[in-house]
Amino acid sequence: MPLESPAEALRYVVLGTVLIEPVLLALRRLAQQDVSGRLFARTGPPGPAVEGPGPLSS
């Protein structure tokens with residue numbers, strides 16, 4: 001962090017925030033997708049269970 005002037009320090013902090021925030025958001029989304037994939041891989045999606053051929057099969 002630059003210590004020359006408060007304006008330089010402020011610019012450093014703002015740039016860091018602008019550049020780091022999208023990276024953190026992307027990592028959060030990847031983590032949520034991973035957890036969701038693990039959860040639904042174990043339980044399967046909600047919905048009616050399909051047993052055998054349906055009424056339209058020959």
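Helices (H or I, at least four residues) and strands (E, at least two) are DSSP runs, numbered from the N terminus. By that rule, this predicted model has one helix and zero strands.

**Basis of the model**
- Local features need pLDDT of at least 70, and side-chain atom pairs count only at pLDDT 80 or more, while totals for chains, interfaces and linings use all residues.
- Residues are numbered from 1 along each chain as its sequence is written, and side-chain values use heavy atoms, with hydrogens and water left out.

**Surface and burial**
- The protein exposes about 5,600 Å² (Shrake-Rupley method, 1.4 Å probe; for residues, only the protein chains shown count as cover).
- Carbon and sulfur atoms supply 67% of that area.
- Of the 58 residues, 3% count as buried.
- Buried means under 20% relative accessible area, exposed means over 50%, and partly exposed lies in between (1.4 Å probe, protein chains only).

**Salt bridges**
- A salt bridge is a side-chain nitrogen of Lys or Arg within 4 Å of a carboxyl oxygen of Asp or Glu.
- Glu 8 and Arg 11 form one of them, at 2.2 Å from N to O.
- Glu 8 and Arg 11 are about one helical turn apart, because three residues separate their positions in helix α1.
- Glu 8 is partly exposed at 29% relative accessibility, and Arg 11 is partly exposed at 47%.
- Asp 34 pairs with Arg 38 in a salt bridge, with the closest N and O atoms 3.0 Å apart.
- Asp 34 and Arg 38 are four residues apart in helix α1, so about one helical turn separates them.
- Asp 34 is partly exposed at 37% relative accessibility, whereas Arg 38 is exposed at 53%.

- Val 14 sits in helix α1 (residues 6-43) and is partly exposed, at 43% relative accessibility.
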